[in-house]
Amino acid sequence: MKQTLIAERVFDGEHYHHNQAITLEAGHITAFEKAPGIEPIYLAGTLVPGFIDVQVNGGGGALFNAAPSVECLKTIGQAHARFGTTGFLPTLITDDLGVMQAAADTVAEALAANTPGVLGIHFEGPHLSVPKKGVHPANFIRHISEAELAIFAREDLGTKVVTLAPENVAPEVIRTLVDSGVRVCLGHSNADYDTVIKALEAGASGFTHLFNAMSPMDSRAPGMVGAALESQSAWCGLIVDGHHVHPASAKVAIAAKPKGKVMLVTDAMPPVGMDDNASFELFGTQVIRKGDRLNAVTGELAGCVLDMVGAVNNSVAMLGVPREEALRMAAKYPAEFIGHRQRGVFRVGAKADMVLLDQDNRVAQTYIDGHLVYQA
């Protein structure tokens, strides 16, 4: 079924257009003009490409590790759609093999059923560094085995991202992962600069939550942060919540990296989309919410209550990023990282994943595949 939307303002990923008509059919943009014979729907606000979040642990009270089911993914997706996320990678943090297998089966089922928003899976661990584990459970951190490699090699998981510590995974294994369609990110790592460079040469293409849980940059020891900032080709995820990364550090990263290589991520936990300040449990440890901050009772930051429109608005307010660039950091650049170039921009043939922002840059409507999935 065709439908035409006429928006007060449209940001196509590069430029603004005023009173722009967009015709949709079969979940795609088919024209930038009014379809003949179709009564248009008029939208007050700014229509922008839908946000893509490559690191989502939970939302709506649900945690992927705790309940790896399609219903859990639907709950998470609905929670994040309120904040403009139209595509996400459910993220499984370090866990045992059985949970990894269940999570993979769930994502395969969700993709087969066209569950709104689900684009693949992100395994954040278990092949990490214990000194940089954060809230990941040390008892599940382990060397990679054939069992995990078999999961990562599955062809029914959509976009596959694996975060690993390169001091614990050899370059030849990284190359094997890349050859099997995995986008390898480096993180939760105490690796030195040379080890990181070897991982990049083996095909690693990203860094998970830049600055957080990785060896820092020093004058004579550039560490993982230095290698990430130096790389011209690797993408960096950045958590802009005012807690995980100091605004000055985030500004330095954006200035150092080539345009298009810094993308916004939320590292979201179950409280996203919930109105209360209730705590939740993560591997037997209580995580306490205080306003917009999550901490385990042991003190570590434990993910975020950040959402994508919040990350965009924080990037503008805290970092001085032009709004157009912040919108690209939330949509176009993560789409490029995961190889979904039909997302994150508006053009003929692109996916009709869209967000309508009101005059205060809050989400008024969210569309996935041309279907309205959230109305404020």
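**The surroundings of His 188 and the annotated site**

Tutor: Leaving aside the neighbours within four places in sequence, His 188 is in contact with Glu 124, Leu 128, Ser 129, Lys 132, Lys 133, Gly 134, His 136, Ala 165, His 209 and Ala 213. The model is a predicted one, and within it His 188 is found in the loop between β11 (182-186) and α5 (193-201), where, at 4% relative accessibility, this histidine counts as buried. Among its contacts, Glu 124 is joined to it by a polar contact between the two side chains, at 2.9 Å.

An unreviewed UniProt entry places the feature "binding site" at Glu 124, His 188 and His 209. These three span 86 residues in sequence, yet no two of their C-alpha atoms are more than 10.9 Å apart, so they gather at one spot. From this set, His 209 belongs to the lining of the largest cavity.

His 209 is found in the loop between β12 (206-207) and α6 (223-230), and His 209 is buried as well, with a relative accessible area of 4%. Apart from residues within four places in sequence, His 209 is in contact with Gln 55, Glu 124, His 188, Met 214, Gly 237, Ile 239 and Asp 267. The side chains of His 209 and His 188 are joined by a polar contact of 3.3 Å.

As for the charged pairs, side chains of opposite charge can pair when their charged atoms come close, and the count for this model comes to 13 salt bridges. One of them links Arg 175 and Asp 179, at 3.6 Å from N to O; being 4 residues apart in helix α4 (residues 171-179), the two are separated by about one helical turn. Arg 175 is partly exposed, with a relative accessible area of 34%, whereas Asp 179 is exposed, at 58%.

In another salt bridge, the closest N and O atoms of Arg 343 and Asp 353 are 3.1 Å apart. Both residues lie in the loop between α10 (332-337) and β18 (354-357), so the pair ties together parts that are 10 residues apart in sequence. Arg 343 is buried, with a relative accessible area of 13%, and Asp 353 is buried too, at 5%.

Asp 358 and Arg 362 also meet through their side chains, at 3.3 Å from N to O, with Asp 358 partly exposed at 22% relative accessible area and Arg 362 exposed at 51%. Finally, a network of salt bridges links Glu 14, Glu 325, Arg 328 and Lys 332.

Key. Residues are numbered from 1 along each chain as its sequence is written. This is a predicted model: local features need pLDDT of at least 70, side-chain atom pairs count only at pLDDT 80 or more; totals for chains, interfaces and linings use all residues. Side-chain values use heavy atoms; hydrogens and water are left out. A salt bridge is a side-chain nitrogen of Lys or Arg within 4 Å of a carboxyl oxygen of Asp or Glu. Buried means under 20% relative accessible area, exposed over 50%, partly exposed in between (1.4 Å probe, protein chains only). UniProt positions are given in the numbering used here, feature names are shortened, and annotations may be inferred rather than shown by experiment. On a 1 Å grid over the protein atoms alone, a cavity is a set of points where a 1.4 Å probe fits but cannot get out, and a pocket is an open set with protein on both sides within 12 Å along at least five of seven lines; lining residues have an atom within 4 Å of a point. Contact means heavy atoms within 4.5 Å. A polar contact is a pair of N or O atoms within 3.5 Å; within protein, one must be able to donate a hydrogen and the other to accept it, and residues adjacent in sequence count only if both atoms are side-chain atoms.
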